[in-house]
Amino acid sequence: MGMSNIVMNEAELMAESQGGILLTAAGYKKLQAELDHLTAVKRPEIADRIRESQQHGEFSEDNNELDEVKFEQAMVENRIAELKTIFGNAHVLDESQIPTDRVGIGSQVKVRDLQYDDEFQVRVVMSVEADPANDLISNESPMGMALLGHADSSEVAFDAPEGKKRYQILAISR
């Protein structure tokens with residue numbers, strides 16, 4: 001038996017990702033920290049505010065504050081449920097599973113904007129981990145979809161909100 005049974009090929013990786021969510025180690029940590037904060041800090045804080053609001057409730061004409069807190073509570077509970085669902089289906093990407101011969105989930109991609117001759121790096125991640133402000137591009141975004149599957153030095157074009165974009169892939173790394 002060789003090594004081939006340990007290393008997942010791309011087809012298996014794709015098949016596995018259909019049934020689950022692939023997260024980078026950093027993305028997993030970040031979402032885990034958010035879940036911890038929501039359950040350990042936000043939940044009790046909101047419960048306290050609801051109690052306070054209810055105690056003062058009989059004096060106020062309309063209890064706007066209570067409605068607001070309950071709305072926030074619903075948001076927090078929805079996000080907690082969403083994060084738990086993500087973790088229920090999540091696989092943390094092993095560095096070695098991140099492709100470098102072509103762009104895949106987790107790949108760090110150095111690109112050149114052919115219109116502005118501007119170079120920058122992005123990492124393609126699943127949408128639950130996307131954070132464009134920090135150069136984490138969703139695999140479902142126009143740019144992510146354009147990059148996925150392409151090899152080094154290929155050119156990709158896609159429609160962005162600000163018009164058509166043309167990028168050349170300069171390097172793919174982990």
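Which residues of helix 3 are buried? In this predicted model, the buried residues of that helix are L66, V69, V76, I80, L83, I86 and F87, where buried denotes under 20% relative accessible area, exposed over 50%, and partly exposed the range in between (1.4 Å probe, protein chains only). The model is predicted, and local features therefore require pLDDT of at least 70 and side-chain atom pairs pLDDT 80 or more, whereas totals for chains, interfaces and linings use all residues. Residues are numbered from 1 along each chain as its sequence is written, and side-chain values use heavy atoms, with hydrogens and water left out.

The protein chain comprises 4 helices and 7 strands, assigned as DSSP runs (helices: H or I, at least four residues; strands: E, at least two) and numbered from the N terminus. Their order from the N terminus is α-β-α-α-β-β-β-β-α-β-β. Of the 174 residues in the chain, 34% count as buried. Contacts are defined by heavy atoms within 4.5 Å. Among contacts between residues at least 6 apart in sequence, 53% join residues at least 24 apart.

Helix 3 covers residues 64-89. Its 26 residues should span 38 Å at 1.5 Å a residue, and the end C-alpha atoms are 38 Å apart, which agrees; the expected span is 1.5 Å times one less than the number of residues. Cover for the buried residues of helix 3 includes strand 1 (21-23), helix 2 (25-55) and strand 2 (90-92).

The largest nonpolar core contains 20 residues, and those with the most contacts inside it are L23, L31, L83, I86 and F87. Such a core is a set of buried Ala, Val, Leu, Ile, Met, Phe, Trp, Tyr and Cys residues joined through side-chain atoms within 4.5 Å. Strand 1, helix 2 and helix 3 each give two or more residues to this core, and the largest share, 7 residues, comes from helix 3. Beyond its neighbours within four places in sequence, F87 is in contact with L23, Y28, L31, Q32 and L35. Another core, lying apart from the largest one, has 15 residues, among them V111, V124, F158 and I172.

The structure holds 3 aromatic pairs. Rings of Phe, Tyr and Trp (its six-membered ring) are paired if their centres lie within 6.5 Å; planes under 30 degrees apart count as stacked, over 60 as edge-to-face, and the rest as tilted. The ring centres of Y28 and F87 are 4.9 Å apart and the planes stand at 70 degrees, so this pair is edge-to-face. Because Y28 belongs to helix 2 and F87 to helix 3, the pair ties together parts that are 59 residues apart in sequence. F87 is buried at a relative accessible area of 17%, while Y28, at 30%, counts as partly exposed.

F120 and Y167 also form an edge-to-face pair, with 5.5 Å centre to centre and 85 degrees between the planes. F120 is located in strand 4 (residues 118-125) and Y167 in strand 7 (residues 163-173), so the pair links parts 47 residues apart in sequence. Y167 is buried, with a relative accessible area of 6%, whereas F120 is partly exposed at 27%. Together with F158, these two residues, F120 and Y167, form one aromatic cluster.

Excluding neighbours within four places in sequence, T24 is in contact with V92, L93, G106, R123, V125 and E129.

The S107 side chain reaches the backbone oxygen of P99 at 2.9 Å and the backbone nitrogen of G104 at 2.9 Å. Not counting residues up to four places away in sequence, S107 touches I98, P99, R102, V122, R123, V124, I172 and S173.

Note on methods:
A polar contact is a pair of N or O atoms within 3.5 Å; within protein, one must be able to donate a hydrogen and the other to accept it, and residues adjacent in sequence count only if both atoms are side-chain atoms.
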